[in-house]
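Here's a quick briefing to read with the model open beside you.

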Amino acid sequence: MKTLFAAASLAAVAATAGPSIAQRPDLRGQQIYRRACYSCHALEPGRNTPAGPTLHDIVGRPIAAQPGFNYSPALRRLARRHGRWTRALIDRFVAAPDSFAPGTEMTFLGMSDAQRGVLLDWLQARQRRR
Amino acid sequence: MFRPAFLCFTLIALLPAAACAQPAERQAAPAARGDLAANVRLFDVPAGSRPHDVAPGPNGLIWYTGQRRGTLGILDPGTGAVREVRLGEGSAPHGVIQGPDGAAWITDGGLNAIVRVDPATDAVRSWPLPAEFADANLNTAVFDRDGVIWFTGQAGIYGRLDPRTSEMRVWRDPEGRGPYGIAATPSGEIYYVSLAGSHLARVDRESGAATIIEPPTAGQGARRVWADSRGNLWVSEWNGGRLSRYTPSTGEWRSWRPEGERPRVYAVYVDDRDIVWATDFGANATLSFDPATERWTRYPASGENAQVRQILGRSGRVYLPESGLDRIMVVRTDAGS
């Protein structure tokens, strides 16, 4: 009985929810951020967590330069080599952090090509809106 | 301090076993490496598995979560054979433990569900989290003495599921994002730690309320927790680079720092001899620590960036999933460690 109630409720929600997440790149990007990034990375300026620096204005930002965050030697080396985070650099890093920056302390197993594209579009759109 | 509980009338997906099980891509023989200690063995798992967590299964088998392949891996250490059970479209399993029913219980971040795999039939059954807790980034689970499974979600939640009734309740961590490792003490208490929140929390199993216990070092990044036979809580401090012990009866904290320039302590586990095991990403090694002598023993990884993210074992064996290398290392502790 409870299961039937839940199924009916979910169906009703789905019917009234409008365009699906798959049809809304903005929602899809937010969902990927929530699933893959949110646990360690905030979006607000200056709000680092012990697990990761903020992603505020990440595209174009100097690498490994958020005040108050204790970056790994691997990220500091990356900063010396590349200077700033471009979209292409973030894409390569998030695809396979360990391969792109060996020794990175971002303990993330990577993300698919399609997901990275949507996530980066969403992050850049957020920057443009401000 | 915590939000009202949400009672989940679970939507259960029961998949036929035949549709879920698939043979492994390859069956790897136990690796023999001359530079490993005599009490250490290595096993390959299918390429791209990225084995995240590991647990003892029935009959000496070893379970692991193949996070990038959406599978429960089943390794027979006697032969090196690996079999995989697919957990469903979109699966990205993180933790696995053996329940009191002998089944594998999995925290699946991709499915946002608690997943059970029947050890006899490979049947996969899942209990999704309530819709209001979407994208919880499910992390780790533990059973209490009443057979209730407690779990964490790194997006900032913790919860419980009673498999007998399918009742699920989920709460938000008082400080938000970060809940990671979770453990049960011998007396039945449930504790979890928050990586982003840098705290330990004790959960009232009746009300679900979480009481925050702040470690002495701010911003230490408490990642995993395990209880020893006396009920002490051992905490791996990622940012702090230390192994810490909290004694609930006195409120005392002590901590020890592994050798090395920049230790990053990820996993922690206490074996049945009360030897504490931890992994240090900074040293690319697993360490055992004897609290009685305060001496460390070092087990180097089998390759660069092995990334052992969790440790578990059974009497006489400690299992180390080398997620970065698609290998599982087994240390025999009854042969001396």
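A salt bridge here is a side-chain nitrogen of Lys or Arg within 4 Å of a carboxyl oxygen of Asp or Glu. Keep in mind that this is a predicted model. With that in hand, you can count four salt bridges between chain A and chain B.

**Charged and polar links between the chains**

- One salt bridge to look up is the one where the side chains of Arg50(B) and Asp98(A) meet, at 3.7 Å from N to O.
- Polar contacts turn up too: 13 residue pairs link chain A and chain B this way, with both residues at pLDDT 80 or more.
- Three helices of chain A, namely H1 (2–16), H2 (25–37) and H3 (73–82), each bring at least two residues to the side that touches chain B.
- H1(A) gives the most to that side of chain A, with six residues.
- Sort the residues on this side of chain A by class and you get 15 nonpolar, ten polar and seven charged.

**How much the chains cover**

- For chain A and chain B, the buried area comes to about 2600 Å², and carbon and sulfur atoms give 49% of that.
- On the chain A side, Pro50(A), Thr107(A) and Leu109(A) lose the most area to chain B, together making up 29% of what that side buries.
- As for head count, 32 residues of chain A and 30 residues of chain B take part in the contact.

**A covered strand in chain B**

- Now find strand S7 of chain B, residues 71–75: five of its five residues are buried.
- In a regular strand, side chains alternate between the two faces of the sheet.
- Both faces of S7(B) are covered, with Thr71(B), Gly73(B) and Leu75(B) buried on one side and Leu72(B) and Ile74(B) buried on the other.

**The neighbours of that strand**

- S7(B) runs antiparallel to strand S6 of chain B (residues 62–66), and five bridges join the two.
- Across from Thr71(B) in S7(B) you'll spot Gly66(B).
- S6(B) and S7(B) make a hairpin with four residues between them, and Gly70(B) in the turn has a positive phi of about 65°.
- Strand S8 of chain B (residues 82–86) is also antiparallel to S7(B), again joined by five bridges.
- Leu75(B) has Val82(B) in S8(B) as its bridge partner.
- The hairpin of S7(B) and S8(B) has six residues between the strands, and Gly80(B) takes a positive phi near 85° there.

Definitions and conventions:
Residues are numbered from 1 along each chain as its sequence is written. Chains are lettered from A and ligands numbered from 1 in the order in which they are written. This is a predicted model: local features need pLDDT of at least 70, side-chain atom pairs count only at pLDDT 80 or more; totals for chains, interfaces and linings use all residues. Side-chain values use heavy atoms; hydrogens and water are left out. Buried means under 20% relative accessible area, exposed over 50%, partly exposed in between (1.4 Å probe, protein chains only). Two strands pair if DSSP finds at least two bridges between them. Contact means heavy atoms within 4.5 Å. Buried area is the accessible area (1.4 Å probe) that two parts lose on being put together, summed over both. A polar contact is a pair of N or O atoms within 3.5 Å; within protein, one must be able to donate a hydrogen and the other to accept it, and residues adjacent in sequence count only if both atoms are side-chain atoms. Ala, Val, Leu, Ile, Met, Phe, Trp, Tyr, Cys and Pro count as nonpolar, Asp, Glu, Lys and Arg as charged, and the others, Gly among them, as polar.
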